[in-house]
Amino acid sequence: MEYCICFICFVAIIFNLYWIISYACSHLGKYPPFIISMGESKEVVVKVASDYLAKSDHQLNIVDLGCGCGSLLLPLAKKFPKHQFIGIERDIVAYIMMKLRSYKYDNIRVIYGNFMECNWAKYDVFLCYVGNEIAPYISQKVKKEAKERAILISETFMIPELYLINEISVKTYGLALKIFIYNIFDTK
């Protein structure tokens, strides 16, 4: 029993150290730490993306900015093998988890690095779960680099200056959240 308590304490200490280091590496919160998409918000993002992907008669490139361990990309890649999925992750633990989970998918590529330093010109669909601090920078970058008909699906956080197509209210484990769907360019 004593060893079990020591092990639990050790795991708790390691977990807390990981989160402290992760937060520090995220430029003190500018880039959100590794958070898993889950519950109704995950289901809605996957459904919205699935509806869009199902309508396409040609191959699309879908990117998850901060893909974490792949909770969005994996079900989409399995359902739509003709499309290409790219996950970009800066947290080494999440990156390794995603690499391990996606090895059997030929249509998933995982990139280790800062998604703000990548070129976004080849992507048709953007998925993101980012914070308020980086949202304006995402807006600027996507408007500068993205394809004209690209869409962006944001979990929880609004992305300013993009054309909002739809806003969906969800409840995830008792929390009232929103999913925002944008056209990159105003199509009024």
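Two strands pair if DSSP finds at least two bridges between them. That rule matters here because β5 and strand β7 (residues 175-183) pair in the antiparallel sense, over five bridges. What you're looking at is a predicted model, where local features need pLDDT of at least 70, side-chain atom pairs count only at pLDDT 80 or more, and totals for chains, interfaces and linings use all residues. Residues are numbered from 1 along each chain as its sequence is written, and side-chain values use heavy atoms, with hydrogens and water left out.

**The chain as a whole**

- The protein chain has five helices and seven strands; helices (H or I, at least four residues) and strands (E, at least two) are DSSP runs, numbered from the N terminus.
- Going along the sequence, the pattern of the protein chain reads α-α-β-α-β-α-β-β-α-β-β-β.
- Of its 188 residues, 46% count as buried, where buried means under 20% relative accessible area, exposed over 50%, and partly exposed in between (1.4 Å probe, protein chains only).
- Take the contacts (heavy atoms within 4.5 Å) in the protein chain with a separation of 6 or more: 63% of them come from residues 24 or more positions apart.

- Strand β5 (residues 151-155) is mostly covered, with five of its five residues buried.
- That goes for both faces of β5: I151, I153 and E155 are buried on one side, and L152 and S154 on the other.
- Strand β4 (residues 125-128) runs parallel to β5, and four bridges join them; L127 stands opposite I153 in β5.
- To get from β4 to β5, the chain passes through helix α5 (residues 135-145), making a right-handed β-α-β crossover. Right-handed means that, with the strands pointing away from the viewer, the path from the first strand over the helix to the second runs clockwise.

**Aromatic rings**

- Rings of Phe, Tyr and Trp (its six-membered ring) pair if their centres lie within 6.5 Å; planes under 30 degrees apart count as stacked, over 60 as edge-to-face and the rest as tilted. By this rule there are five aromatic pairs.
- One of them is Y95 with Y112, a tilted pair at 5.1 Å centre to centre and 55° between the planes.
- Y95 lies in helix α4 (residues 92-102) and Y112 in strand β3 (residues 108-112), so their pair ties together parts that are 17 residues apart in sequence.
- Y95 is buried, at 18% relative accessible area, while Y112 is partly exposed, at 46%.
- W120 and F126 make a tilted pair too, because their ring centres are 5.5 Å apart and their planes at 50°.
- W120 is buried, with a relative accessible area of 0%, and F126 is also buried, at 0%.
- W120, Y123 and F126 form one aromatic cluster.
- K141 lies over the face of W120, at 5.2 Å from the ring centre. A charge sits over a ring if NZ of Lys or CZ of Arg is within 6 Å of the ring centre and within 35 degrees of the ring normal.

**A buried histidine in a loop**

- H83 lies in the loop between α3 (73-79) and β2 (84-89), and H83 is buried at 0% relative accessibility.
- Leaving aside residues up to four places away in sequence, H83 touches L53, S56, H58, Q59, L60, I62 and N107.
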